Amino acid sequence: MIPSELDASLQEYVLGLLDPEEVLRLEDAIREDEALCRRVAALREQFAAIDRTSDPAATDPALWSRIEASLQSSLQAQRTETALDAAPALRRSGKPMVFAALLAVAAALAGLALVLRPAPTPDMIALLADPEGTVRFIVEDFGGNRVDLTSLAPPDLPQTASLQVWTKWSEEVGPVSLGVLDATGSVSLDTDLPAPIEGQLYEVTLEQRGGSPTGRPTGPIIGVGTGQQPG
C-alpha cells in the first residue's frame, strides 16, 4: 500500500504542482517501483475524467485568423528563401540581367504556387493549456495520418526528460502516444490513427528520457485540450 504522504505527492506530480527537484526525485522512485507507475497512470485517468466534466471553453474566432495568417506567412517566407538560395552563383556569373530576370520569375512562380496550392486545412485543431490556463501548444490533426505540434510557450526541458504527445478518442482505447520529443521546437508527427473527432483529447506530458515506461501518460501535464473543427 502506498503511504498517504507519498500518494499526495503523486497527485501533485500528475497535476504538475511539484518543484523540478521534487519531480526528478519522484520520477526516480516511479521508475524503480511498478506499483507507483500504476498509481500514476490511474491518477491521470481519474483527473482526465474530472476534466471532461467541464464545459468546453469558447475560443476567440480571431485566434484562428491569426493562426492561419501566421502559417501563410511562414510558407511564403520558406518559398522566398528557396528562390534566394540560387543568388550567390548567379551573381558570380557576371550576368546581372539574367540573375534579375530569373529572380523575378522565381518570385512570380512562388506566388502562383501559393495561390494554386494552398496550405492543407487540418481536420481538427486543439489548443493545449497548462493547469494555470496558459496555452503552450497548438495541435493540428490532418485526418489521423499527420499531426503538427506548434510550440507557443514550451517548458524548459531537462536533459533527463522528454515531452510525449498523446491523444484519446475513446475510453475503451485509452490514451495513444503520437510521439516522443527530446526538444521543444515545433514538429510534424507521422501517425496512423482513425480520423479525429470533435472533442478528442490531446495532451503533452513530461516523461523520462525516451518516453513513458508504461505506454501510458505518467508525467505531469504540460498542456491539454480538446479538438475543434476549424472555421
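Helix axes are taken here as lines fitted to C-alpha atoms over the stretch in contact, with angles running from 0 to 180 degrees between N-to-C directions. The model is predicted, local features need pLDDT of at least 70 and side-chain atom pairs count only at pLDDT 80 or more, whereas totals for chains, interfaces and linings use all residues. Residues are numbered from 1 along each chain as its sequence is written, and side-chain values use heavy atoms, with hydrogens and water left out.

The axes of helix H1 (residues 4-14) and helix H2 (residues 20-32) come within 11 Å and cross at roughly 115 degrees, helices being DSSP runs of H or I with at least four residues and strands runs of E with at least two, numbered from the N terminus. H1 is thus roughly perpendicular to H2, a class that covers angles of 65 to 115 degrees. Leu6, Ser9, Leu10 and Tyr13 in H1 meet Val23, Leu26, Glu27 and Ile30 in H2, contact meaning heavy atoms within 4.5 Å.

Salt bridges, defined by a side-chain nitrogen of Lys or Arg within 4 Å of a carboxyl oxygen of Asp or Glu, number 5. In one of these, the side chains of Asp7 and Arg39 meet at 2.6 Å, N to O; because Asp7 lies in helix H1 and Arg39 in helix H3 (residues 34-51), this pair ties together parts that are 32 residues apart in sequence. Asp7 is buried, with a relative accessible area of 14%, while Arg39 is partly exposed at 26% (buried means under 20%, exposed over 50% and partly exposed in between, with a 1.4 Å probe and protein chains only).

Methods:
Angles under 35 degrees count as roughly parallel, over 145 as roughly antiparallel, 65 to 115 as roughly perpendicular and the rest as oblique.
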